[in-house]
Structure formats: structure tokens, C-alpha cells
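Work through the exercises below with the model open. Each task is followed by a stepwise solution.

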Amino acid sequence: MKFLTDEKLTIMGAAGMIGSNMVQTAIMMGLTPNICAYDPYAPALEGMAEEMYHCGFEGVRLQWTSDIAEALRGARYIVSSGGAARKAGMTREDLLQGNAEIAAGLGRDIRTYCPDVRHVVVVFNPADITGLITLVCSGLEPSRLSTLAALDSTRLQRELSSYFGIAQDAVTDSRTYGGHGEQMAVFASTTRVDGKPLTDLIGTPALPEEKWREIRQRVIQGGKRIIDLRGRSSFQSPAYLSVEMIRAAMGGAPFRWPAGVYVSQDGFDHIMMAMETTIDRNGVHYRVPQGTPAEMEELRSSYGHLVRLRDEVIGMGVLPPISEWAALNPHLK
């Protein structure tokens with residue numbers, strides 16, 4: 001098997017459904033033969049590793065460990081799904097307190113064991129906030145950490161393709177920005193359906209306003225619907241998309257969707273949120289999307305929701321006040 005790199009990729013939370021799917025996806029994509037799977041729960045982790053060995057993958061050196069120092073030393077790339085999963089009846093924000101502490105620990109461990117890591121992808125919810133906490137506590141440059149935010153955009157693509165009865169990839173540039181949650185900003189102005197601007201279809205017999213509102217609501221509730229249907233939160237889609245992100249950071253195929261990135265400009269300050277991004281060997285880079293006045297207002301509203309969550313984390317004592325962030329991470333001046 002041909003690999004993109006020989007550098008070490010550490011997958012955290014690897015005993016869980018997302019993490020175990022990440023391990024398999026990373027191997028099947030040919031990212032690196034040098035994979036370390038970490039989880040504090042050793043029996044399930046060993047079981048996952050045995051399953052991977054039983055696949056008979058060629059050329060792969062899969063290591064597994066419940067020792068965080070062993071997992072992170074020498075890691076050049078990290079993908080972490082190592083937080084509590086969302087359960088029926090819960091929002092992403094319900095996971096805030098416990099997963100905030102986990103994110104702070106992850107940041108400190110990165111600072112201690114692999115400060116030269118090239119790129120980190122944070123997946124566990126609420127990812128905008130856990131990613132921000134990890135960044136502040138790790139001391140990393142903002143370009144070296146991104147969060148999974150693509151699921152809302154892929155859900156928009158899926159809903160539109162289903163409604164119009166066309167192939168999913170015939171819906172292009174479907175985009176949601178801001179927070180990865182029910183306060184996301186859904187942008188119709190970027191999207192094309194079989195080559196036609198979505199905005200030209202909304203409010204016509206092809207897509208009445210009422211149907212568009214229903215589609216938007218299905219996108220916003222997409223994660224909840226998976227829980228209702230399967231009895232557990234998404235795991236295949238976040239695993240696949242997060243490995244796509246780390247592949248792009250390794251210099252592989254470009255990542256096709258928005259990612260969560262640290263933003264502090266244009267009225268969006270000291271926050272992690274989904275923007276229009278590029279991920280490459282030099283990290284994650286972003287631009288603030290430009291939409292209709294209503295879409296930009298929705299984006300500012302989503303930002304406001306994230307600010308409230310960030311300030312709640314500061315109130316918990318997980319993060320210090322923003323004025324003290326630079327003492328922890330000099331890149332966040």
C-alpha cells in the first residue's frame with residue numbers, strides 16, 4: 001500500500017465508534033503506516049486493535065496504548081474524538097462541562113508531549129468550544145488546529161439532493177457556517193442545484209418557501225434525527241470527514257467543506273467557528289463568508305451563541321479570562 005507520509009498519526013478515543021471508524025478509514029485512505037490508537041479504556045481499545053489486525057492490512061504498523069505519554073510522543077498529526085457522546089434528548093451543549101475538562105486536558109497533554117504536532121482535528125462536542133479550549137491550553141498556533149464542522153453542510157447537500165431527486169454531488173457549494181449546532185447559519189446564496197443557484201429556486205414552484213423552511217429544519221435537526229433512527233449519535237460520517245481533514249493537512253486531497261477555525265477579526269473575536277477554509281500542509285486558513293444581509297445576521301447570531309458558551313466555560317474556570325489567554329498561548333494576542 002502507498003502512503004501519504006510515514007509520520008505518526010495518533011487517533012484518540014479509538015475504542016469508541018467514531019474513533020474505531022477513524023482508525024479503519026485512515027488505513028484504507030493510505031494516510032500513514034504509523035498509526036497510534038489511544039483510549040483510556042484498554043479492553044475495548046485492544047478489541048478494536050485486534051479487529052484491525054484481523055483485516056490483514058498490508059504495511060501498517062498499528063500501535064495501541066492507554067498511556068497518554070506514549071500515544072502523543074512524536075505525534076505529528078492528531079484526531080481526537082475522545083469526549084462523551086451525545087445521547088437521546090441531549091443537545092451538543094449539554095456535553096459542555098465534562099467535555100470542556102477533557103479538552104483542557106488534551107491541550108495540556110499536547111503542550112507536554114508533542115508541541116511540534118503539525119495539525120490537530122478536534123471532533124467531540126460541542127466541537128467549536130472544545131477546539132477553542134484545546135487551542136488555548138496547548139500553546140499551538142491557530143493554523144495548526146481545526147474542528148469538525150462539515151456535517152451540517154453535508155446534511156444540507158443531502159436534503160437538497162433528496163428533495164430534487166438528483167445525485168448528491170449535483171448539489172455544489174452547500175454551506176453552513178458559524179456554530180456546529182442548532183444555531184448554525186445556513187447559507188442558500190452559495191449553493192447550486194444541478195448548476196442552478198439555489199436562491200433562484202427558493203420561492204418558486206420548484207422549491208416553495210414552506211418546503212425550504214422544512215429542509216432547513218431537517219438540516220438543523222440532522223444530528224438528532226440520526227439519534228432517533230439509530231439510538232446513538234453519528235459515528236460513520238464524523239469519522240470519515242475528520243480523516244479527510246487530516247489527509248488534507250498531510251498534503252493529500254483538498255478538504256471540500258467548511259471547518260472550524262480560530263477567528264479574531266471582522267467582529268468575530270476570540271472564537272472557534274466554521275468559516276470557508278482551506279487545509280493544507282501549512283495548516284488551516286480561512287476567509288469570512290459573504291452572504292445576503294439575512295445570512296450575515298444569522299452568522300452573527302450564531303457567533304453570539306458561541307460567545308455565550310465560551311463565557312460559560314470561562315465562568316467554570318476551565319479557561320481564564322480572554323485577557324489572560326496570551327499567557328497560556330502567545331499566539332493568541
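**Exercise 1.** Which residues in H4 meet which residues in H11?

*Solution.* This is a predicted model. Start on the H4 side: Leu96, Gln97 and Ala100 make the contact. Their partners in H11 are Leu309, Glu312, Val313 and Met316. Now sort the contact residues of H4 with H11 by class. Five are nonpolar, one is polar and one is charged.

**Exercise 2.** Classify the packing angle of helix H4 (residues 96–113) and helix H11 (residues 293–316).

*Solution.* First take the distance: the two axes come within 11 Å. Next take the angle: the axes cross at roughly 75 degrees. Angles of 65 to 115 degrees count as roughly perpendicular. H4 and H11 are therefore roughly perpendicular to each other.

**Exercise 3.** Describe the lining of the second largest pocket.

*Solution.* Begin with the volume of the second largest pocket, about 490 Å³. Then turn to its lining, which has 21 residues. Nearest the centre lie Thr154, Arg155, Arg158, Ile226 and Ser237. Next, assign the lining to elements. Helix H6 (150–164), helix H9 (222–230) and helix H10 (236–249) are the elements that give two or more residues. H6 gives the most, with six residues. Finish with the classes: the lining holds seven nonpolar, seven polar and seven charged residues.

**Exercise 4.** Work out the strand order of the open sheet that contains E7, and find its edges.

*Solution.* The sheet has three strands, in the order E7-E10-E11. The pairing is antiparallel. Strands of a sheet pair through backbone hydrogen bonds. Now look for strands that pair on one side only: these are strand E7 (171–172) and strand E11 (196–197), the edge strands. Then examine one pairing. Two bridges join E7 to strand E10 (residues 192–193). Within E10, Val193 stands opposite Val171.

Technical notes: Residues numbered from 1 in each chain as written. Predicted model: local features only at pLDDT ≥ 70, side-chain atom pairs only at ≥ 80, totals over all residues. Heavy atoms only, no water. 1 Å grid on protein atoms, 1.4 Å probe; cavity = no way out; pocket = protein on both sides within 12 Å on 5 of 7 lines; lining within 4 Å. Points joined across faces, edges and corners; volume = space filled by probe spheres on them. Helix = DSSP H or I, 4+ residues; strand = E, 2+ residues; numbered from the N terminus. Nonpolar A, V, L, I, M, F, W, Y, C, P; charged D, E, K, R; others polar. Axes fitted to C-alpha atoms, helices over the stretch in contact; angles between N-to-C directions. Parallel < 35°, antiparallel > 145°, perpendicular 65-115°, else oblique. Contact = heavy atoms within 4.5 Å. Pairing = 2+ DSSP bridges.
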